[in-house]
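Me: I'd like to learn how to read a structure like this one, feature by feature. Can you walk me through it?

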Amino acid sequence: MRRYKRWCRWKRYILIASVLCGVFYFAEARYCFFRMHNIEITPGNVIPEEVVWQALPKNVEDFWPLLFFCESAFEKRIMDYYPVSVDMEVVGWGRYKVSIAPLDIFLAVSWNSEHWWLSSNGRMWRATLPAGAMVKGIAFPTRPILAWDSRLPVPIDLEHQRRDIYPSSLPMVKIAKWYDTIDRIKWKNDIYCLMVKKIEGRQMVQILLGDSDRITGELIVKDDASDWLSLAAALENIYPSALGGVPHGLIINATYTDMTFTVLEKGKM
């Protein structure tokens, strides 16, 4: 008898649930209660609008709460292929707001015979990436190029090879210190490139002066920028007539631990 009563109770619950599901189904079919009403893309001109819609998970237009649970995956689908940051939020019933901004490019990187862009938040992509040309509002920096030697550790995360925007494995804090330091040197405008390489087993920075057509001088320093300003001041005192701190045709090696440096002739330029 108890088992029969229990079965009747469960049968009643199942019946009530079935009725509610039926009501819900027909109400949804008639009134589109859970259909997505709108996605506000702001600003609306950073990337093509269809890129956002193509990144939506399957069936999300029929059941809008699904996007709330797939927020990270949705944002990642865009940020893996376009140099932008994406932030999504719910602003109403069936309504979302997607904020898109171009990445802040910190500097240009030369690596593996290609030119790359490195953003301030540590993401890298090829300068020739077609999707990069589709992003509006990107500001390109005027800082000297960073040349990363191919014999150094790979500067991108190779686990993400199937994507176009890579997490960078470059030492961002150290690199930012290099550029902050050279920005305080009087002859900073004469610096064309910071070439990072290993010399005698140690990582060094080779500062090239001049431009892409002609390198007029070189300064080899330790990758710790704490002594760079002192060295620059010393060179300005030794070579007061040199416009760039380093006379044309000289290679100055300042990688020694006791702050001494050697000067070599680069030869006729």
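Me: Let's start with accessibility. Is Arg 151 buried or exposed?

Reply: Keep in mind that this is a predicted model. The general idea is a pair of cut-offs: under 20% relative accessible area is buried, over 50% is exposed, and anything in between is partly exposed. Arg 151 has a relative accessible area of 66%, so it is exposed.

Me: What does Arg 151 form a salt bridge with, and how far apart are the closest N and O atoms?

Reply: The partner is Asp 149, and the closest N and O atoms are 3.0 Å apart. Now apply the cut-offs to that partner: Asp 149 comes out at 16%, so it is buried.

Me: How many salt bridges does the structure hold?

Reply: Eight. Another one pairs Lys 174 with Asp 223, where the closest N and O atoms are 3.2 Å apart. For a case like this, check where each partner sits in the sequence. Lys 174 is in helix α6 (residues 172–182), while Asp 223 is in the loop between β11 (215–222) and α7 (228–238), so the pair ties together parts 49 residues apart in sequence. As for accessibility, Lys 174 is partly exposed because its value is 35%, and Asp 223 is buried because its value is 18%.

Me: What about Asp 183: which residue does it form a salt bridge with?

Reply: That's Lys 188, with 3.3 Å between the closest N and O atoms. Asp 183 is partly exposed at 48%, and Lys 188 is partly exposed at 33%. Salt bridges can also share partners: Lys 76, Asp 80 and Arg 163 are joined that way into one network.

Me: In which sense do β1 and β3 pair?

Reply: Parallel, over five bridges, with β3 covering residues 95–102. If you want a spot to look at, find Ile 39, which stands opposite Tyr 96 in β3.

Me: Which way do the side chains point in a strand?

Reply: In a regular strand they alternate between the two faces of the sheet.

Me: And in what order are the ten strands of the other open sheet?

Reply: Go β8-β6-β5-β4-β7-β9-β10-β11-β12-β13, again with mixed pairing. The edges are β8 and β13 (262–265), each pairing on one side only. Start from the β8 end: β8 (residues 166–167) is antiparallel to β6, with two bridges between them. The bridge partner of Met 124 is Tyr 166 in β8, and that of Arg 123 is Pro 167.

Me: How many residues lie between β5 and β6 in their hairpin?

Reply: Three, and Gly 122 in the turn has a positive phi of about 80°. The strands themselves, β5 (residues 114–119) and β6 (residues 123–126), run antiparallel and are joined by three bridges.

Me: Last topic: how many residues does the largest nonpolar core have?

Reply: It has 36, and those with the most contacts inside it are Val 109, Leu 146, Trp 178, Tyr 179, Leu 194 and Trp 228. Leaving out residues up to four places away in sequence, Leu 194 touches, among others, Leu 146, Trp 178, Tyr 179, Ile 182, Val 205 and Trp 228. There is also a second, separate core of 31 residues, including Val 52, Leu 67, Leu 103 and Val 135.

Methods:
Residues numbered from 1 in each chain as written. Predicted model: local features only at pLDDT ≥ 70, side-chain atom pairs only at ≥ 80, totals over all residues. Heavy atoms only, no water. Pairing = 2+ DSSP bridges. Helix = DSSP H or I, 4+ residues; strand = E, 2+ residues; numbered from the N terminus. Core = buried A, V, L, I, M, F, W, Y, C linked by side-chain atoms within 4.5 Å. Buried < 20%, exposed > 50% of the residue type's maximum accessible area, 1.4 Å probe, protein only. Contact = heavy atoms within 4.5 Å. Salt bridge = Lys/Arg side-chain N within 4 Å of Asp/Glu carboxyl O.
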